[in-house]
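User: Please take a close look at one part of this structure, the interface between its chains, and describe it for a reader who is new to it.

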Number of protein chains: 2
Amino acid sequence: MLYTSESLENLIEELTKFPGIGRKTAQRIAMFILKQPKEEVEKLVKAIIDVKEKIKYCSICFNITETDPCPICSNPKRDKSTICVVEEPMDVLAIEKTNEYSGVYHVLGGVINPLEGIGPEDLKIKELISRISAGGVNEVIIALNPSVEGETTSMYVANLIKPFGVKVSRIARGLPIGTALEYADTATIVRAIENRTTL
Amino acid sequence: MLYTSESLENLIEELTKFPGIGRKTAQRIAMFILKQPKEEVEKLVKAIIDVKEKIKYCSICFNITETDPCPICSNPKRDKSTICVVEEPMDVLAIEKTNEYSGVYHVLGGVINPLEGIGPEDLKIKELISRISAGGVNEVIIALNPSVEGETTSMYVANLIKPFGVKVSRIARGLPIGTALEYADTATIVRAIENRTTL
């Protein structure tokens with residue numbers, strides 16, 4: 001037992017589960033938490049609990065929200081005839097930041113990835129198709145990440161939508177291959193939406 | 001308001017307070033927490049609360065511990081006549097991992113840093129001097145970080161200890177094992193030449 005404290009070791013282990021956090025960073029964060037005043041730690045704990053308790057998924061677009069439907073789906077100014085399909089809620093934020101898109105969204109919750117055992121039935125694809133079949137949709141813009149899995153999922157989704165006679169486009173490959181949508185700069189995202197191509 | 005959820009934004013803000021965590025990483029961690037099952041999040045919250053509730057500082061060496069005195073200070077096999085002075089509890093762990101040191105420790109809690117308003121009275125220097133004046137100490141090994149503040153604090157502490165006729169040493173500065181001389185910085189090479197040892 002290297003560590004003088006079991007509870008510290010336990011916290012470090014919990015923190016290393018975070019994405020992008022290695023052992024050393026987890027140690028530094030654990031020491032930081034230990035040194036923080038009690039009120040600050042209580043704020044952190046409350047923030048974590050709040051997120052789990054208050055946030056649910058929008059029953060229309062499956063974006064995260066504290067109200068159902070989400071503020072975007074329930075906004076009368078948003079164009080309900082255009083649906084932008086993304087992987088994760090963070091992608092919605094990335095597109096919203098451009099202030100250039102006035103349609104609505106559909107969050108798939110991931111992409112088809114056989115290696116990780118994620119099939120079409122694990123994503124909100126069925127729900128997207130029912131939104132389209134309910135009518136009133138003119139265009140579906142597919143904005144998945146430019147990864148192999150993203151491309152595959154784009155083609156899969158496009159093929160399911162086409163029979164409804166709805167225009168299907170994909171955001172342009174203005175995004176550099178290998179990066180994630182959430183890290184792209186605003187100008188790149190604007191260009192990618194402008195240059196969307198019909199599938 | 002860019003974010004669709006106030007509680008998510010709040011959690012991201014709390015997470016960006018962590019050392020070495022920027023906005024993007026905080027977003028990813030917040031999304032990770034959101035996606036985790038309830039039991040996992042409860043484990044994380046419990047680990048944070050436990051660390052704050054169970055961990056105190058050893059009344060002898062000021063290392064973090066769940067028992068007072070800490071396991072090192074209360075271990076009869078440790079050589080109480082040798083005290084290694086370090087900045088932070090993590091430094092104790094770093095030295096313990098070597099399995100080469102059998103003495104005890106004294107954690108200062110930082111270094112003298114006038115720019116950040118940290119003076120000698122903010123550190124456990126008084127407490128170190130009383131341990132030494134109580135007798136039974138043969139050597140004090142100063143193992144502070146090789147920063148300007150670390151050097152200043154080392155000299156300050158050494159000058160306070162010398163009147164007690166106790167041997168004061170400092171861990172060597174030199175080339176780290178496994179690196180090449182051509183990549184070492186000038187200050188390190190100068191110090192390595194100064195501290196050369198006879199073969």
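Analyst: A salt bridge is a side-chain nitrogen of Lys or Arg within 4 Å of a carboxyl oxygen of Asp or Glu. The model is predicted, so local features need pLDDT of at least 70 and side-chain atom pairs count only at pLDDT 80 or more, while totals for chains, interfaces and linings use all residues. Residues are numbered from 1 along each chain as its sequence is written, chains are lettered from A in the order in which they are written, and side-chain values use heavy atoms, with hydrogens and water left out.

In one of them, the side chains of E88(B) and K35(A) meet at 3.2 Å, N to O.

On the side of chain B that touches chain A, the elements giving two or more residues are α1 (6–16), α2 (23–35), α3 (38–54) and α4 (89–96) of chain B. These helices are DSSP runs (H or I, at least four residues), numbered from the N terminus. The most comes from α3(B), with 13 residues.

Taken as a whole, the contact (heavy atoms within 4.5 Å) involves 55 residues from chain B and 56 residues from chain A.
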